[in-house]
Amino acid sequence: MLITRPATHHADTPLKIAILSGLSDPSTCALSDTQRDFLQRLDAPHSAKVFLNFPYVDSATPRRDPGLLVASWRNTRQFINASNAKTIEHARRHWRALRDSADALLIITLSCGLEILRHCVDENEGAVHVLALGPVARALPALPCTLVRGSRDAISRVFFNDALVLPNLGHLDYFTSTAVLEIANELCSSILNSSAADSISRNSA
């Protein structure tokens with residue numbers, strides 16, 4: 001299993017932006033083409049972008065996109081296993097390696113990725129913001145969260161009714177949405193500006 005492998009050493013950067021979703025193909029952390037394209041279009045330094053999915057372990061295995069039923073079954077299993085003590089132990093190790101590599105993080109979760117994340121984080125994670133797309137989780141993590149749900153996303157509606165609702169988006173449409181990209185860019189700008197202000201404050205103290 002990828003999650004049992006050693007954690008990746010990430011280069012230190014002021015900001016990291018990473019996607020955290022269930023692995024439809026559990027043999028690789030490779031992003032889908034739409035996920036990779038979304039990251040590339042974000043208005044943020046290239047060095048800040050993590051072009052792998054959680055647990056961010058590099059692999060030569062090419063990604064194989066299964067059918068919808070298989071992908072749903074695999075994501076359901078990951079949702080259930082997220083609360084397993086051994087899974088949490090491994091997942092937190094990968095999360096900590098990412099968290100320690102940046103002053104600030106924007107984590108973009110999709111579906112059950114929010115449930116995985118909430119078992120990884122501590123109560124005081126510092127400058128970490130979550131953009132939760134189509135969130136599927138038993139509760140929110142102890143982090144600032146922006147919840148976004150498509151009007152046609154019946155799965156996420158079961159878990160969160162208080163999300164920002166975007167019209168004409170289903171559970172698989174978020175990374176192709178211009179509106180979602182704009183929200184992500186606004187968060188990136190806010191995080192970068194906040195980090196810069198904190199740095200100036202520390203240096204002048």
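**View 1. Surface of the predicted chain.** The accessible surface of this predicted model comes to about 10,100 Å², worked out with the Shrake-Rupley method and a 1.4 Å probe, where for residues only the protein chains shown count as cover. Carbon and sulfur atoms own 54% of that surface. Of the 205 residues, 48% are buried (under 20% relative accessible area; exposed is over 50%, partly exposed in between; 1.4 Å probe, protein chains only).

**View 2. Charges.** There are 20 positive and 20 negative side chains, and the centres of the two sets sit 6 Å apart. Lys and Arg count as positive, Asp and Glu as negative, with His and the chain ends not counted; each charge is placed at NZ of Lys, CZ of Arg, CG of Asp or CD of Glu.

**View 3. Helices and strands.** Here you'll find 6 helices and 6 strands (DSSP runs: H or I of at least four residues, E of at least two, numbered from the N terminus). Along the sequence they run β-α-β-α-α-β-α-β-β-α-β-α. Among contacts (heavy atoms within 4.5 Å) with a separation of 6 or more, 64% join residues 24 or more positions apart.

**View 4. Confidence.** Mean pLDDT (the predictor's confidence in each residue, from 0 to 100) is 89, with 91% of residues at 70 or more.

**Notes.** Residues are numbered from 1 along each chain as its sequence is written, and side-chain values use heavy atoms, leaving out hydrogens and water. Because the model is predicted, local features need pLDDT of at least 70 and side-chain atom pairs count only at 80 or more, while totals for chains, interfaces and linings use all residues.
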